[in-house]
Amino acid sequence: MLKNILKGIKAYGSSFALISKLKLWKYFFIPILISVITAFVIGFLAYEFSDTIGGYIAKMWVWEWGKEIFVTFSNFIGAVLIVVIGLLLYKHIVMALAAPFMSPVSEKIEAHLTGVPAHSHTNTSFSEQLWRGIRINVRNLVKEILFTIPIMLLGFIPVIGIVSTILLFLMQAYYAGFGNMDYTLERHLKYKDSIQFVENNRGIAIGNGIVFILFLFIPVVGIILVLPLSVTAATVKTVEALKQDTLVTSK
């Protein structure tokens with residue numbers, strides 16, 4: 001697991017050069033626009049509601065003793081909740097809408113890595129790629145919400161709250177990497193098979209997603225570069241994994 005996580009992270013090191021070599025930057029204009037608009041809307045809504053969330057949580061403590069400590073703790077949990085919800089919505093919305101634009105990029109990278117012409121891979125239309133992206137991301141969003149709720153509740157327990165923050169980060173990373181890997185998998189595997197493939201290679205997904213999430217904390221530049229670099233890194237490692245399972249061949 002740890003070895004694959006490191007592989008997923010290290011793949012970013014050659015992403016920028018590979019994009020430039022294959023002249024792929026022009027394909028990222030619309031996905032970057034989707035990313036920026038989505039981030040702006042979610043950021044605005046988060047800012048509007050952030051002041052009240054901590055207050056609502058603090059009201060749960062009805063006793064006077066320890067109230068100041070709980071208020072401070074509530075503000076922290078409220079901030080974490082805002083970040084978690086914001087990241088959760090951002091990545092699934094962007095990944096779903098960007099699917100038809102990311103799939104061709106992934107295809108060109110795969111053609112470069114395998115030597116097999118790009119047109120030999122694709123068998124889906126724009127609308128099918130969009131529907132696949134929406135289906136995968138809605139599925140992942142629902143599962144992520146179901147996992148997030150109990151983990152967030154653990155955050156109210158002193159000390160364990162720190163562990164819950166780490167678990168939330170890793171979960172966010174996993175589903176981010178999942179979405180990036182599926183841009184390649186949609187050409188080779190059916191819906192259920194793709195889910196199983198990512199689960200079998202969850203280390204790569206987590207490694208890719210860790211950098212994806214960290215990029216989002218870089219003002220402006222992060223939301224511009226996150227999709228190009230993360231999709232490129234994910235494609236390289238996904239193709240390698242598909243080769244190992246003899247699901248992809250090279251010339």
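1. Let's start with Glu 110, which is buried, at a relative accessible area of 0%. This is a predicted model, so treat what follows as a reading of that prediction. The partner of Glu 110 is Arg 187: their side chains meet in a salt bridge, 2.6 Å from N to O. Glu 110 sits in helix α4, while Arg 187 lies in the loop between α6 and α7, so the pair ties together parts 77 residues apart in sequence. Arg 187 is buried as well, with a relative accessible area of 6%, under the 20% limit.

2. How many salt bridges does the count come to? Four, by the distance rule applied here. Side chains of opposite charge can pair when their charged atoms come close. Besides the Arg 187 and Glu 110 pair, I'd look at the two in the next points.

3. Lys 91 and Glu 144 form another salt bridge, with 2.7 Å between the closest N and O atoms. Lys 91 belongs to helix α4 (residues 67-114) and Glu 144 to helix α5 (residues 126-154), so this pair ties together parts that are 53 residues apart in sequence. Are these two residues buried or exposed? Both Lys 91 and Glu 144 are buried.

4. Then there is Arg 132 with Asp 182, whose side chains meet in a salt bridge at 2.7 Å, N to O. Here the link runs between distant parts of the chain, from Arg 132 in helix α5 to Asp 182 in helix α6, 50 residues apart. Arg 132 has 13% relative accessibility and so counts as buried, given the 20% limit. Asp 182 is buried too, with a relative accessible area of 4%. Keep Asp 182 in mind, as this residue is also one of those through which α6 meets α7.

5. On to helix packing, starting with α6 and α7. Two packed helices are described by the angle between their axes and the distance between the axes. For helix α6 (residues 160-185) and helix α7 (residues 191-200), the axes come within 10 Å and cross at roughly 125°. An angle of that size falls between the perpendicular range, 65 to 115, and the antiparallel one, over 145, so the two helices are oblique to each other. α6 passes α7 in a right-handed crossing. On the α6 side the contact uses Tyr 174, Phe 178, Met 181, Asp 182 and Leu 185, and these meet Ser 194, Ile 195, Phe 197, Val 198 and Glu 199 in α7. By class, the α6 contact with α7 has seven nonpolar residues, one polar and two charged.

6. α6 also packs on helix α9 (residues 221-244), this time at an angle of about 60° with the axes 8 Å apart. That pair is therefore oblique, and α6 passes α9 in a right-handed crossing. From α6 the contact takes Asn 180, Met 181, Tyr 183, Thr 184 and Leu 185; from α9 it takes Ser 230, Val 231, Ala 234, Thr 235, Thr 238, Val 239 and Leu 242. The class tally for the contact of α6 with α9 is seven nonpolar, five polar and no charged residues.

7. What is the angle between helix α1 and helix α8? About 40°, with their axes 7 Å apart, for α1 at residues 2-10 and α8 at residues 202-215. The two are therefore oblique to each other, and α1 passes α8 in a right-handed crossing. Asn 4, Ile 5, Gly 8 and Ile 9 in α1 meet a set in α8 made up of Gly 203, Ile 204, Ile 206, Gly 207, Asn 208, Ile 210 and Val 211. Split by class, the contact of α1 with α8 has six nonpolar residues, five polar and no charged.

8. Ser 15, in helix α2 (residues 15-21), counts as buried at 1% relative accessibility. Leaving out residues up to four places away in sequence, Ser 15 touches Leu 229, Thr 232 and Ala 233. Phe 29 is in helix α3 (residues 29-58) and is exposed, with a relative accessible area of 59%.

Note on methods:
Residues are numbered from 1 along each chain as its sequence is written. This is a predicted model: local features need pLDDT of at least 70, side-chain atom pairs count only at pLDDT 80 or more; totals for chains, interfaces and linings use all residues. Side-chain values use heavy atoms; hydrogens and water are left out. Axes are lines fitted to C-alpha atoms, for helices over the stretch in contact, and angles run from 0 to 180 degrees between N-to-C directions. Helices (H or I, at least four residues) and strands (E, at least two) are DSSP runs, numbered from the N terminus. Angles under 35 degrees count as roughly parallel, over 145 as roughly antiparallel, 65 to 115 as roughly perpendicular and the rest as oblique. A crossing is left-handed if the near helix is turned anticlockwise from the far one by less than a right angle, and right-handed if clockwise. Contact means heavy atoms within 4.5 Å. Ala, Val, Leu, Ile, Met, Phe, Trp, Tyr, Cys and Pro count as nonpolar, Asp, Glu, Lys and Arg as charged, and the others, Gly among them, as polar. Buried means under 20% relative accessible area, exposed over 50%, partly exposed in between (1.4 Å probe, protein chains only).
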